[in-house]
Amino acid sequence: MTVLLSFIILVLLFVVLVLVAKASEISAELKGKFDYIQQSRLNGYLLIGFLVLMFAGSAFAYKELAPVMLPKSASLHGIATDRLFNITTIITVAVFCVTQAALFYFAYRYNESFGHKAYFYPHNNTLEVVWTVIPAVVLTFLIAFGMYEWFKIFNVEARDKNALVVEVTAKQFNWIIRYPGQDNKFGKRVIDKEHISPTNELGIDWTDKGSHDDFMADKLYLVKDRPVLVKIGALDVLHSFYLPHFRVKMDAVPGIPTEFYFVPTMTTEEMRQYLSTQPWWQTINPETGEPRWKTFKYELACAELCGKSHYGMQKEVVVVTQREYDEWLKNQTPVYSTMTPKEAPASPQPAEPVKTAMLTR
Ligand SMILES: [Cu+2]
């Protein structure tokens, strides 16, 4: 509230200043005393002041916010994504600084003065070529580099066949996480009135034996250094599966299955140890009274504004070693085993081979 009020006061002050300046300008003009040269010089100084303020403000914001930016990538492909992001940022920031400095400096340097007539300079072929070719080459390089990394991340042939497979389905406003169980195959899903119910939101066909060992999890458990293929879907509107610490983001679209394959490289514990060496993470969290790194958690968030409780679409991601994962796996209960006979119809065709999930490509 205080911030909003301060902001309104600042805006109003600015409006008052502009109006006062405008009024004095009109009155001077009416009196025939308006000094255009002096006004132009003042504008020049103000523009230089703005330039300095803008650069100083940006540098300050960077210094203040850099420590709370995402820590280093916890996935294999994330290293390349970060490199691409950094290269793009460095190039665009450099270009921005040079062009803005030139823009404001020229406005200051060539303001209106006595005896100076503006030089008419309508065209220069060399200049046109230079400022067209250089950005074209740089942008082509950035796009080519980006596409190269993109195709590497989405190279289906290079995928490990033994990857861990997890199905994550988005809905307003939660994530449903399903693991395929021991057989590593998901039970079939059927999207019709008969199968979908409040107790079976995914429309799992319980007559499919492949579904009998599938279990739901409240946290997304992943294994360090073990590739994972996340099969992503949505039940209602567009959502976006976002794992910021792993540089993973993929739309969750109703009716169109998407997926993301990646390799986590740091367990939650290893990330905490790494963060314990970072100054901001060493500061005390007032909510817990402990250093921030101690309660660090990887996060699954929705990155698509999907409704009024969009902000609440969060789940914890836990990365563990294979041994810890196996231990966790032992304690998971398949949904089928907890169902009453009425809810869980017996499989009518036991001989039929297990079909893979409907949403599997
Ligand atoms: Cu969402």
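Reader: Where is Arg-247 found?
Author: Arg-247 is in the loop between E6 and E7; helices (H or I, at least four residues) and strands (E, at least two) are DSSP runs, numbered from the N terminus. This is a predicted model, in which local features need pLDDT of at least 70 and side-chain atom pairs count only at pLDDT 80 or more, while totals for chains, interfaces and linings use all residues. Residues are numbered from 1 along each chain as its sequence is written, and side-chain values use heavy atoms, with hydrogens and water left out.

Reader: Is Arg-247 buried or exposed?
Author: Arg-247 is buried, with a relative accessible area of 16%. Buried means under 20% relative accessible area, exposed over 50%, and partly exposed in between (1.4 Å probe, protein chains only).

Reader: What about the phi of Arg-247?
Author: Phi of Arg-247 is positive, at about 55°, although the residue is not a glycine. Asp-225 also is a residue other than glycine with a positive phi, near 65°.

Reader: Which residue forms a salt bridge with Arg-247?
Author: The partner is Asp-82, and the closest N and O atoms are 2.7 Å apart. A salt bridge is a side-chain nitrogen of Lys or Arg within 4 Å of a carboxyl oxygen of Asp or Glu. This pair links distant parts of the chain, since Asp-82 lies in helix H3 (residues 76-109) and Arg-247 between strand E6 (239-243) and strand E7 (248-252), 165 residues apart.

Reader: How many salt bridges are there by this rule?
Author: The count comes to 16 salt bridges. One of them joins Arg-159 and Glu-259, with the closest N and O atoms 2.8 Å apart. That pair also links distant parts of the chain: Arg-159 is in the loop between helix H4 (125-153) and strand E1 (164-171), and Glu-259 is in strand E8 (residues 258-262), 100 residues apart. Both partners are buried, Arg-159 at 13% relative accessibility and Glu-259 with a relative accessible area of 15%.

Reader: Which residues are linked in a network of salt bridges?
Author: Glu-167, Arg-178, Arg-189 and Asp-214 are linked in such a network. Within it, Arg-189 pairs with Glu-167, the closest N and O atoms being 3.2 Å apart. Arg-189 lies in the loop between strand E2 (174-179) and strand E3 (215-217), and Glu-167 in strand E1, 22 residues apart. Arg-189 is buried at 3% relative accessibility, and Glu-167 is buried with a relative accessible area of 4%.

Reader: New topic: which residues coordinate the copper ion?
Author: The copper ion is coordinated by His-239 (ND1), Cys-302 (SG), Cys-306 (SG) and Met-313 (SD), at 2.1 to 2.6 Å. Donors are N, O and S atoms within 2.8 Å of the metal (3.2 Å for Na, K and Ca); water is not among the atoms, so sites may look incomplete.

Reader: And how are these donor residues spaced in sequence?
Author: Their spacing is H-x62-C-x3-C-x6-M. Cys-302 lies in strand E11 (residues 298-302) and Met-313 in the loop between E11 and strand E12 (314-320), so the pair ties together parts that are 11 residues apart in sequence. Cys-302 is buried, with a relative accessible area of 9%, and Met-313 is buried as well, at 0%.

Reader: What are the angles among the four donor atoms?
Author: The angles are 90 to 127°, and the site of the copper ion is tetrahedral. Four donors count as tetrahedral if all angles lie between 85 and 135 degrees. Ideal angles at a metal are 109.5 degrees for four tetrahedral donors.

Reader: Back to Asp-225: where is it found?
Author: Asp-225 is in the loop between strand E4 (220-223) and E5. Leaving aside neighbours within four places in sequence, Asp-225 is in contact (heavy atoms within 4.5 Å) with Val-263, Pro-264 and Thr-265. The C-alpha atoms of Asp-225 and Ser-75 are 8.6 Å apart, and these two residues are 150 residues apart in sequence.

Reader: Which residues does a cis peptide bond join?
Author: A cis peptide bond joins Gln-172 and Phe-173, with omega at about -5°. Phe-173 is in the loop between E1 and E2.

Notes: Tetrahedral: all angles 85-135°; square planar, octahedral: opposite > 155°, others 65-115°.
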